[in-house]
Amino acid sequence: MNFVNLFKIALKALSNNKLRGFLTMLGIIIGVASVITMLAIGQGSKKSIQSEISEMGSNMIMIHPGGDIRGGVRLEADDMESLKLEDLESIRTGCKYVTYVSPSVNSAGQAVYGANNTPTTVYGVNADYLDIRRYKVEDGEFFGEQDIKSAAKVCVVGKTVVGELFTNGESPVGRVIRFGKIPFRIVGVLESKGYNSMGMDQDDLILAPYTTVQKRILAVTHLQEITCSALSEEYTEEAIEEITGILRVNHRLRESDEDDFTIHSQQELSSMLTSTTDMMTVLLAAVAGISLLVGGIGIMNIMYVSVTERTREIGLRMSIGAKGRDILAQFLIESILISVTGGLIGVVLGIGASLLVNVMVAYPIYIQPWSVFLSFAVCTLTGVFFGWYPAQKAAMLDPIEAIRYE
């Protein structure tokens, strides 16, 4: 018996029990749709996090003072003064894998304009900070090198600060605000970046020359942080090795001494968050995949019922010349038809559900082609796997006993 005839027989058998066939498919449909939707949500979260980290500067490197033990007491990193401007210049001139370098000192406090005030943080930086953190000036301009040399009382503000202080919609450029007791003239406004993946408002800040913050607000000469950017994300490790070597030489550390500084990179954060989202995606897909298993068991159950119901039919076919492999192929085709049809419907529903999640709750999704192909392949294999045993049972029936079956 050729394949075309077997396919027609299987199709007719399924069409005689449409409702039962659809209910059997339902497990496969739900399983495939769930897997595609869960993977789309998981991958969407991953892409969103990677995009946000990229906006923050995926190749950013942050250097902080390290803790130290003095007189048997461990000092906090904030109490250390191990980072100096000399370190910054050494990194700028001695690192071939570093493109931009900015000092950083900051102070939290109250910004005041007229009758309005808002708590915020002023960051003392240089012009490289914009390139490192991917900030752009939307209105006005950034302060220049001369402002840094003279410790000028000028600043660039974020959109959140603008919204809190300038409630009448007036342009903040050229206006004078106070931070604590220090007046600052606004020379520019930053483009909005919104919240990052950790829920921090990236627009709630004031940028000022680092010399101004050092001398007029903090009264210090050391740096609280040095922020750098590597040539690209791929060269982050090489850049960190260079920076480590330069700082150890500058700080006259012996080989047995621990570093008196700590270095972190956005790559570490990206790897951690990516591994977390990957784990959650796998977990979601595994939970959704249980539906596929249930669907497969449903196929096996229905195929067993079908074999039992059609025992006499099987016996008649075998008595007029059908071989065991023909009976095996017939029932396998039926189970594959159920799983493949259910898989196709599940793919459509899964893509539709993913798009619906994106539209209704504005959750980021990303449908990868491999997730669709994988789901469809798994449901096809499910049909073969769970349909094989009932089909094998049908093929092994004795024709005489099958004809006598009531």
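**Exposed loops and packed helices**

Reader: Why is Arg252 called exposed?

Author: Arg252 has a relative accessible area of 73%, and the word is used because that value is over 50%, the limit for exposed, whereas buried means under 20% and partly exposed lies in between (1.4 Å probe, protein chains only). This is a predicted model, in which local features need pLDDT of at least 70 and side-chain atom pairs count only at pLDDT 80 or more, while totals for chains, interfaces and linings use all residues. Residues are numbered from 1 along each chain as its sequence is written, and side-chain values use heavy atoms, leaving out hydrogens and water.

Reader: Where does Arg252 lie, and what is its phi?

Author: Arg252 sits in the loop between helix 8 and strand 12 (261-265), helices (H or I, at least four residues) and strands (E, at least two) being DSSP runs numbered from the N terminus. Its phi is near 55 degrees, a positive value in a residue other than glycine.

Reader: What makes Ala219 exposed?

Author: Ala219 has a relative accessible area of 64%, so it too is called exposed. Ala219 is placed in the loop between helix 7 (210-218) and strand 11 (225-230), and its phi, near 55 degrees, is likewise positive in a residue other than glycine.

Reader: Why is helix 11 called roughly antiparallel to helix 12?

Author: Helix 11 (residues 324-361) and helix 12 (residues 369-395) pack at an angle of about 150 degrees, with their axes 7 Å apart. That makes helix 11 roughly antiparallel to helix 12, because angles over 145 degrees count as such, those under 35 as roughly parallel, 65 to 115 as roughly perpendicular and the rest as oblique.

Reader: Why are helix 3 and helix 8 called oblique to each other?

Author: Helix 3 (residues 85-94) and helix 8 (residues 236-250) pack at about 140 degrees, with their axes 10 Å apart, and this pair is therefore oblique. Contact (heavy atoms within 4.5 Å) is made by Glu86, Asp87, Ser90, Ile91 and Gly94 in helix 3 with Ile243, Ile246, Leu247 and Asn250 in helix 8.

Reader: Which residues outside its sequence neighbourhood is Ile63 in contact with?

Author: Leaving aside neighbours within four places in sequence, the contacts of Ile63 include Leu83, Ile91, Ile243, Leu247 and Phe261. Ile91 and Leu247 also belong to the contact of helix 3 with helix 8.

Key. Axes are lines fitted to C-alpha atoms, for helices over the stretch in contact, and angles run from 0 to 180 degrees between N-to-C directions.
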